Amino acid sequence: MKTAETDHSKMKLGKKPPVHDPRTFQLADYIDNKALPPVPEKLIYAGNIPPDGWGMMANHNLHNCTCAAAGHLIMEWTDDNKHMVTLADQDIINLYIAITGYNPATGQNDTGADEKTTLNYWRNNGVAGHKILAYTALEPKNHYHVKQALYLFGGCMIGLNLPFSAQMQKIWSVLPGGPVGDGLPGTWGGHAMAVIGYDNEGITVVTWGETKKMTWSFFETYFEEAYAIISIDFTGKRKAPNGFDLFALQAALQKLNS
């Protein structure tokens with residue numbers, strides 16, 4: 001059955017190329033798979049938010065996708081804890097101003113941002129009162145790391161180098177001819193998104209105010225970076241919705257803050 005196509009050609013992107021910092025901690029360095037519960041076969045968060053109910057968070061007008069992804073993760077985490085918070089667009093714009101110098105009056109410096117600058121500011125300063133505890137990089141194209149980030153921490157932020165062909169796809173997938181021509185990585189541009197679910201077919205992200213699915217093959221082909229993000233908006237003061245103990249988590253993350 002042919003899947004209907006959606007035109008996203010007028011949507012803004014804005015993720016700059018990854019910043020490679022040798023000090024960035026890797027999930028693989030401190031996660032003990034033998035000590036952790038196995039991940040479910042499939043998982044989806046934010047069950048109370050309709051697929052088109054996320055809000056654009058100004059990403060239809062600005063190249064602020066990294067900031068919008070942060071806002072969408074805050075929505076998802078707080079929804080999972082039964083007290084959903086939807087940040088105002090201005091909160092997201094203020095974050096974009098802080099990390100890029102964007103000038104709303106003139107439009108100057110609306111040139112996007114890299115994910116690490118966004119994450120570092122979020123960790124150190126917060127977004128509308130919502131701080132994160134830490135973040136750690138996922139191994140490139142590692143499906144299991146994405147699943148762990150979802151299950152243990154309630155989501156992650158990914159960055160893809162999107163092809164032009166993705167503008168017209170309802171479900172993002174690699175073209176039959178492979179990553180060439182309109183399917184060449186970067187022919188559209190870099191984009192950051194919040195991941196809120198997965199199954200055997202692929203992952204579910206939030207972008208431009210709605211949920212969107214992509215195949216695992218698409219994720220692998222256009223991958224640039226991905227980060228697990230730890231926030232008490234998801235874990236709560238002690239127990240996350242998945243039952244993971246925050247005190248144990250904090251002990252495991254001591255090296256991230258040293």
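Here is a short chat about a predicted model of a protein chain.

Me: What share of the 258 residues counts as buried?
Reply: Let's start with the layout: the protein chain has eight helices and seven strands. Across the 258 residues, that share comes to 52%.

Me: What percentage of the contacts with a separation of 6 or more comes from residues 24 or more positions apart?
Reply: Contact here means heavy atoms within 4.5 Å. Take the contacts in the protein chain with a separation of 6 or more, then pick out those between residues 24 or more positions apart. Their share is 73%.

Me: Which element gives the largest share of the lining of the largest cavity?
Reply: A search of the whole structure turns up one cavity of 30 Å³ or more, and about 50 Å³ of space lies in the largest cavity. Its lining includes Cys65, Ala68, Ala69 and His72, along with others such as Met193 and Trp208. Helix H2 (65–80), strand E4 (189–198) and strand E5 (202–207) each put in at least two residues. The largest share, four residues, belongs to H2.

Me: How many residues of H2 are buried?
Reply: H2 reaches 22 Å from its first C-alpha to its last, close to the 22 Å expected at 1.5 Å a residue. As for cover, H2 is mostly covered, and the buried count is 16 of its 16 residues.

Me: Is Phe223 buried or exposed?
Reply: Phe223 sits in strand E7 (residues 223–230). Leaving out residues up to four places away in sequence, Phe223 touches Pro140, Lys141, Gly159 and Leu160. Its relative accessible area is 13%, and the cut-off is under 20%, so Phe223 counts as buried.

Me: How far apart in space are Phe223 and Leu162, C-alpha to C-alpha?
Reply: In sequence, Phe223 and Leu162 are 61 residues apart. In space, going C-alpha to C-alpha, the distance between Phe223 and Leu162 is 8.7 Å.

Key. Residues are numbered from 1 along each chain as its sequence is written. This is a predicted model: local features need pLDDT of at least 70, side-chain atom pairs count only at pLDDT 80 or more; totals for chains, interfaces and linings use all residues. Side-chain values use heavy atoms; hydrogens and water are left out. Buried means under 20% relative accessible area, exposed over 50%, partly exposed in between (1.4 Å probe, protein chains only). On a 1 Å grid over the protein atoms alone, a cavity is a set of points where a 1.4 Å probe fits but cannot get out, and a pocket is an open set with protein on both sides within 12 Å along at least five of seven lines; lining residues have an atom within 4 Å of a point. Grid points are joined across faces, edges and corners, and a volume is the space filled by probe spheres set on the points. The expected span of a helix is 1.5 Å times one less than its number of residues.
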